Amino acid sequence: MRVGRDERAQVRGAQRGSVSDLEALFRTHWPRAYRAAYLVTHDAAAAEDIAQESFLAAIRALDSFDRRRPFGPWLHRIVVNRAIDWSRARRLRSEVELVDSIPAPNPAAPTGGDTLAALARLSPEHRAVVVMRYALEFTPGEIAKALDLPRGTVNSRLRRGLDALSEEL
Amino acid sequence: MKRELERIGIPDEHEARERTWPVVHAAFAVRQPVPQPSHWRWVAVVAVALAATLAATLSQPGRAVIDEIREVVGVDRAQPALFSLPTSGRLLVASDAGIWVVQEDGSKRLLGAYQEATWSPFGRFVAATLQNELAALELDGDVRWTLARPRVRYPRWMGTETDTRIAYVDRTGLRVVAGDGTRDRLLSRGGRGPLAWRPGEEFVLAFADQDGRVALVDADSERILWRTKPLGVVHDLEWSSDGRRLLARLGPSRENDVVIYTRGGLPFTRIRVPAGTVTATAARPGSHARAVAIREGDDSRLFVTDARGTLLAGPGVFQDLAWSPDGRWLLVGWPAADQWVFVRADGRGIRAVSNISEQFRSRSFPEVHGWVP
C-alpha cells in the first residue's frame, strides 16, 4: 500500500503536535475503523469503545511510527485485534453471569441484516479475516502479518468463512 | 462479498465519531502539551520555587514571604470575597469549621461541625457525617434524623422524587439506608469507598473494596454485577451523567492514573501522565467530556476534553473540580493561591475569588462537595 503525500504530511504534523493534522487523520480513518470493529463485534457500543481505544493506542505509539508506512493498516490492525479479543471475552463473560455487560440487541435492524446475522454466526477469528479481506481490503499476506498467523491459516479461515456465509445467504 | 459487507448499515457511526474525537484530542493534549493561548496571558501565573516556599515555612519571619508569594500566585484581579456564583446553583463546601451551603448570591450558611456531606438528589436536603454519625439535614441546619455508626465516611445520596437511598461506609463495610433513615443494612462487608451511584432509575452503586478492586452492586438485590481486578489505591469514582462510563482515579504508584470503564465493567480508556499525576477530574454534565487536572513537577494545568488547549496553569495543585449544573462553568480549587477559580468551559471567561480559607473559617483549604441547581 502506498502512502499518499497528504497522509504522510499529516502523520508528520501529528508527531510534531499539530491538532489539525491529528483531526484530519482521525476523520479520515474513523469510518473504516468503526465499521471494522462493528462487523467483528456486532455491538455498536463495543465498536465505539474499540475504535476509540485503538486511536488512543495509536497516539501513544505515534512517536515511533514510521511515516513511510500507511497509517490506516497500522490502525486497523490494532482495531481488529482488539475486536477479536473483545468477542472472545464476551463469550467467556456469558459463562460467568455478568448479564449487565452483555449488550442488548440493537433496537432497529440495520440494512444488510442478513449478511450481518450470517457473519455473527462465524467465530470471531473467522469473522476477523473476512472483514479484513473484504471490508478493509487487506491482502491475505497482510492479514497474516497483522494477526500473526501463517498465511495458510488465513487462507483456510477465509475459505471456511466464505463457504459458511454463502450457505447462509 | 465486498458489496455485501458494504450494504450493511453501521449504526451510530457519526454520533460515535463526535463522542470520540474529544477523548482522542484530550489524550493527544496530554501527550503533547499545548501552549497556553494568548488570551490567557492575563492569568497571572508566577512560577514559584518549591524550595523558597519550604524555606519560608520554617520561621515566623518567613510568613511575610509566603504572603508575598500568595499575592502573585493565582489569577490576577480576583475578587476578595465571594459575591456571587457565575451561574445558577448552590454549593456544598466542607471546611475545618464544618459543612456550608453557599447560595447563588454568595451568601453562605454553616450547617454544623460535620466532616463530609452530599446533596440529596434534588438538592432539598444534605446528608452529612460526624466521626460516628450519619445525619440528614434541612438546608437551614435542622436535623431530620441521625444514625449512630462507627467511623462514617463517603455519604452518597441518590434516587427519585419518591424513593431515595444513601450509601456510606462505616467500620463494618459498605452500607445503605433509605432517605428517611429507615432500613439501614450492610451491603458489602469488604466495601471501603470511594462510592458512586450510577445515574439512572436503578439503585446501582460502584465502590472500591478492601482489596483495591472496583465493584458494581445492585443495592436492592445485593447482587454484585461485576468486579475489576485489584487496582491499588482508588482515590475517586465518578460516573458520566448518562451512566455509560465510570472513571476510577488511582493512586500514584499505578501504571495508569485513570481508568475509564464501560457500563459493563470493561476497561474503556486508560489515561497515563508520564511525567505527572492526575490530581482531579470531573465529568461534565450532559456529555462524556471531563475536566482533568494534572500535576507535573511543581506546576499544574487543567484542560477539558472537548475544548482546545489548556484552560488554566500554575504552581501547586488544582483540586476539587466541580461543574455548574448547566455544564458551562467549572470551579477549580487552587490551595497555593487560596483561590477558587471559575473557568468557563469554552475558555471565554474566568473569575476568581481569593481568601477562600478565611471565608470558610478554615486553616486547611475548603473542599467543594457538590454544585446543584
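Okay, let's start with helix 2 and helix 6 of chain A, whose crossing is right-handed. This is a predicted model, so everything I say today is about a prediction. The axes of helix 2 and helix 6 of chain A come within 9 Å, and they cross at roughly 150 degrees. With a cut-off of over 145 degrees for that label, helix 2 of chain A therefore counts as roughly antiparallel to helix 6 of chain A.

Who makes the contact? From helix 2 of chain A you've got A:Ala36, A:Leu39 and A:Val40, and from helix 6 of chain A there are A:Pro124, A:Arg127, A:Ala128 and A:Val131. Sorted by class, the contact of helix 2 with helix 6 of chain A has 6 nonpolar residues, no polar ones and 1 charged.

Now stay on helix 6 of chain A, and look at its packing with helix 7. Helix 6 covers residues 124-134 and helix 7 covers residues 140-147 of chain A; their axes are 10 Å apart, at an angle of about 130 degrees. So helix 6 of chain A is oblique to helix 7 of chain A. The crossing of helix 6 and helix 7 of chain A is right-handed. If you want to click on the residues, take A:Ala128, A:Val129, A:Met132 and A:Arg133 on the helix 6 side, and A:Ile143, A:Ala146 and A:Leu147 on the helix 7 side of chain A.

Let me zoom out to the whole of chain A. What is its secondary structure made of? Chain A comes to 8 helices and 0 strands. Reading from the N terminus, that's α-α-α-α-α-α-α-α. Of the 169 residues in chain A, 40% count as buried. And if you take the contacts in chain A with a separation of 6 or more, 67% of them are between residues 24 or more positions apart.

Next, where chain A meets chain B. How many residues are in contact? It's 31 residues of chain A with 32 residues of chain B. On the chain A side, helix 2 (19-41), helix 3 (44-60) and helix 5 (113-120) each supply at least two residues. So that you have the classes too, the side of chain A that touches chain B has 19 nonpolar, 7 polar and 5 charged residues.Over to chain B, which has 5 helices and 28 strands. In chain B, buried residues make up 45% of the 373 residues. Among the chain B contacts with a separation of 6 or more, residues 24 or more positions apart account for 41%.

I'll pick out one sheet of chain B. It's an open sheet of 4 strands, in the order 20-21-22-23, with antiparallel pairing. Which strands stand at the edges? Strand 20 (277-283) and strand 23 (312-315) of chain B do; each has a single partner strand, so one side of each is left without a neighbour in the sheet. The twist averages 15 degrees from one strand to the next.

Walk along the sheet with me. Strand 20 of chain B pairs with strand 21, residues 290-296, in the antiparallel sense over 6 bridges. For a landmark, B:Ala282 stands opposite B:Ala291 in strand 21 of chain B. The hairpin of strand 20 and strand 21 of chain B has 6 residues between the strands, and B:Gly286 there takes a positive phi near 80 degrees.

Then strand 21 of chain B is joined to strand 22, residues 299-304, by 6 bridges, and the two run antiparallel. B:Val292 has B:Phe303 in strand 22 of chain B as its bridge partner. Strand 21 and strand 22 of chain B also form a hairpin, this one with 2 residues between them, and in the turn B:Gly297 has a positive phi of about 65 degrees.

Conventions. Residues are numbered from 1 along each chain as its sequence is written. Chains are lettered from A and ligands numbered from 1 in the order in which they are written. This is a predicted model: local features need pLDDT of at least 70, side-chain atom pairs count only at pLDDT 80 or more; totals for chains, interfaces and linings use all residues. Two strands pair if DSSP finds at least two bridges between them. Axes are lines fitted to C-alpha atoms, for helices over the stretch in contact, and angles run from 0 to 180 degrees between N-to-C directions. Two residues are in contact if their C-beta atoms, placed from the backbone, lie within 7 Å. Ala, Val, Leu, Ile, Met, Phe, Trp, Tyr, Cys and Pro count as nonpolar, Asp, Glu, Lys and Arg as charged, and the others, Gly among them, as polar. A residue is buried if 20 or more other C-beta atoms lie within 10 Å of its own, exposed if 12 or fewer, and partly exposed in between; C-beta atoms are placed from the backbone. Angles under 35 degrees count as roughly parallel, over 145 as roughly antiparallel, 65 to 115 as roughly perpendicular and the rest as oblique. A crossing is left-handed if the near helix is turned anticlockwise from the far one by less than a right angle, and right-handed if clockwise.
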